[in-house]
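Colleague: Hi! Could you walk me through this one in plain words?
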Amino acid sequence: MSIAVVLLTLALVIVVALLAAAGAGKLARMDGATYPAALTRAAAVFAGVITLATAVTAALHTLLS
């Protein structure tokens with residue numbers, strides 16, 4: 001696999017994770033959460049997206065190898 005494809009995929013996953021985290025933080029603030037609580041929720045969503053991407057990558061690597 002080309003290193004360029006890996007880097008572009010990694011960049012896409014990070015951008016999606018950041019967008020999901022920003023959305024979660026904004027929704028938390030709209031729901032009345034304090035800034036620290038909204039930041040905690042955003043961080044949890046970011047970590048969840050990165051974890052999900054890692055799990056999918058590991059599963060696909062196992063299936064395709």
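Predicted model: local features only at pLDDT ≥ 70, side-chain atom pairs only at ≥ 80, totals over all residues.

Colleague: Got it. How many helices and strands are there?
Modeller: The protein has two helices and zero strands. Both kinds are DSSP runs numbered from the N terminus: helices are H or I with at least four residues, strands are E with at least two.

Colleague: And which residues of α1 are buried?
Modeller: They are A17, A21, A24, G25 and A28. These buried residues pack against α2 (35-64), contact being heavy atoms within 4.5 Å.

Colleague: Why does the span of helix α1 agree with its 28 residues?
Modeller: Helix α1 covers residues 3-30, so at 1.5 Å a residue it should span 40 Å, and its end C-alpha atoms are 41 Å apart, which agrees. The expected span is 1.5 Å times one less than the number of residues.

Colleague: What follows α1?
Modeller: G32 does, and its phi is positive, near 100°.

Colleague: New topic: what does the C-alpha trace span along its principal axes?
Modeller: About 45 × 20 × 15 Å. The protein's radius of gyration is 15 Å, while a compact globule of 65 residues would have one near 11 Å. That radius is taken over C-alpha atoms, and the globule rule is 2.2 Å times the number of residues to the power 0.38.

Colleague: Now R29. Where is it found, and which residues does it touch?
Modeller: R29 is found in helix α1. Not counting residues up to four places away in sequence, R29 touches T34, Y35 and A38. R29 counts as partly exposed because its relative accessibility is 34%.

Colleague: Where does R29 lie relative to Y35?
Modeller: R29 lies over the face of Y35, at 3.8 Å from the ring centre. For a charge to sit over a ring, NZ of Lys or CZ of Arg must be within 6 Å of the ring centre and within 35 degrees of the ring normal.

Colleague: Last one: how far apart are R29 and L60 in space?
Modeller: They are 36 Å apart, C-alpha to C-alpha, and 31 residues apart in sequence.

Notes: Residues numbered from 1 in each chain as written. Heavy atoms only, no water. Buried < 20%, exposed > 50% of the residue type's maximum accessible area, 1.4 Å probe, protein only.
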